[in-house]
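Let's take a walk through this structure, one piece at a time. Have the picture open and follow along.

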Amino acid sequence: MKHIKSILLLVVVALLPLSSFASEEKKEGGEGINIPEIVLEHLADAYEWHICSYEGKHLSIPLPIIVRSSATGEWTFCTEHSLPQNFFFNQEKHGKIYENMPDGTVERPLDLSITKSVAQIWIVVAILITIFLSCARWYKKHDCKQEAPSGFVGCMEMLVMMIHDDVAKALVGEAYYRRYAPYLMTVFFFIFTTNLVGLIPIFPGGGNVTGNINITFFLAICTMIAVNFNGNKEYWKEIFWPEVPLFLKAYPAPLIPVIELVGIFTKPFALMVRLFANMMAGHAVILSFTCIIFLGWSMGTAYGIGLNLFSGLMLLFMNLVEVLVAFVQAYVFTLLSAVFIGLSRPAHHHAE
Amino acid sequence: MISSLLLDGIAAMGCGLGAGLATIGAGLGIGKIGGNAMDAIARQPEASSTIMTNMILTAAFVEGVALFAVVACAFLIK
């Protein structure tokens, strides 16, 4: 019974919710919290940056809306509070801006608005530029062969050298890695920083960027372009006329070439879906645990305290897991991109 | 009318079943990876950091595959 005081304290804390059952009054009139709607709203893109709400009043940052009407061809710059008359937010199409054409139909104009995801990407870019330019200044002032950096610059050097040596040089190959190392490092740091910034609950963080399939689609397209536009003759030969027995590649059907051709598209597709699904699922779980707290308090004080305690611990655990997942997903994307780029210039080898 | 309700119900059940089976696959796969990693660390404790790095990497791949199925099922639920 050495720790009897700690044990008794834990028991008191754990049984605390039960004590407020005695003094509970039933709350009437509130509609329940719609958790799926709240979660999807935070995961989706929006024309404003919503910060908080209190008793029906919302505090949000209105973001610029830039649309080009397809009827008249003129550009409109406004915010969502001052949308001109012929445009409206089409609720059937997830709140996107549509235009009432003069002949009665509705049509989607050219929409180049600065939405929440775009603003979040710009914030991440500003963070990355600040970090890397200030680290580069250290290298201008010191001779890097004589002394090693310490502190923040040392941490950045560790990360950059890990991607440069273990990923780019090792997987792309000694001969060609210099052309692709900038792309690979950009991709890694962009995805890593965007994932981390998405975990911060308040402005200027919290935008769901990599959990948006359009953004991971673009990153996968970049990798596909880097792989296929730099493939040499050996690469295309290994896809369309590999060194396999003839019955697999020509007659009765070109099996291996078709499989390899489909593989050109499925490999970036896998990159896209892996990053998107991991990030969206992580954000959805964290948002759900946060909503459980509000659900508990709306059901009464006892449930409130109990669910608050449980949810707080689960949120701590989930956020730590998500920090790990942020790094791992960025690293895996970069690793696989490097592997594909390395495979696009295979060394010529055949049985002589 | 009953048959259309039944069809909607069966469709939704199909989506849920798909996501659940994919999760079973992910659990088995990652469990096997973890188990083999534990055996390897027990055999050679000084290589444990290399083994752990590779284990986390491979787990990310397996989890990616399971999440394909979850995403596909989520898009199919109306």
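Let's start with strands: in chain A, strand S3 (residues 65–68) and S4(A) pair in the antiparallel sense over four bridges. Helices (H or I, at least four residues) and strands (E, at least two) are DSSP runs, numbered from the N terminus, and two strands pair if DSSP finds at least two bridges between them. In general, strands of a sheet pair through backbone hydrogen bonds, either parallel or antiparallel. If you look across from A:Ile66, you'll find A:Phe77 opposite, in S4(A).

Now zoom out a bit. The open sheet here has three strands in the order S4-S3-S8 (chain A), with antiparallel pairing. Which strands sit at the edges? They are strand S4 (75–78) and strand S8 (110–111) of chain A, each pairing on one side only.

## What you're looking at

A quick word on the model: it is predicted, so local features need pLDDT of at least 70 and side-chain atom pairs count only at pLDDT 80 or more, while totals for chains, interfaces and linings use all residues. Residues are numbered from 1 along each chain as its sequence is written, and chains are lettered from A and ligands numbered from 1 in the order in which they are written.

## Helices crossing in chain A

Find helix H4 (residues 151–172) and helix H5 (residues 177–197) of chain A: they pack at an angle of about 130°, with axes 10 Å apart. Axes are lines fitted to C-alpha atoms, for helices over the stretch in contact, and angles run from 0 to 180 degrees between N-to-C directions. H4(A) and H5(A) are therefore oblique to each other (under 35 degrees counts as roughly parallel, over 145 as roughly antiparallel, 65 to 115 as roughly perpendicular and the rest as oblique). The residues in this contact include A:Val160 and A:Ile163 of H4(A), plus A:Tyr177 and A:Leu184 of H5(A). By class, the contact has eleven nonpolar, one polar and one charged residues. (Ala, Val, Leu, Ile, Met, Phe, Trp, Tyr, Cys and Pro count as nonpolar, Asp, Glu, Lys and Arg as charged, and the others, Gly among them, as polar.)

Another pair to spot is helix H6 (residues 213–228) of chain A with H9(A), whose axes come within 8 Å and cross at roughly 145°. Among the residues that meet are A:Phe217 in H6(A) and A:Phe269 in H9(A). This contact has twelve nonpolar, three polar and no charged residues.

A:Val39 and A:Ser288 are 249 residues apart along the chain, yet their C-alpha atoms are separated by 6.6 Å. Leaving aside neighbours within four places in sequence, A:Val39 is in contact with A:Ala284, A:Leu287, A:Ser288 and A:Cys291 (contact means C-beta atoms, placed from the backbone, within 7 Å).

## Chain B joins in

Nine residues of chain A are in contact with nine residues of chain B. On the chain A side, helix H9 (255–299) and helix H10 (301–343) each supply at least two residues, and H9(A) gives the largest share, six residues.

Within chain B, helix H1 (residues 2–43) and helix H2 (residues 48–76) pack at about 175°, with axes 8 Å apart. H1(B) and H2(B) are therefore roughly antiparallel to each other.

Conventions
Contact = placed C-beta atoms within 7 Å.
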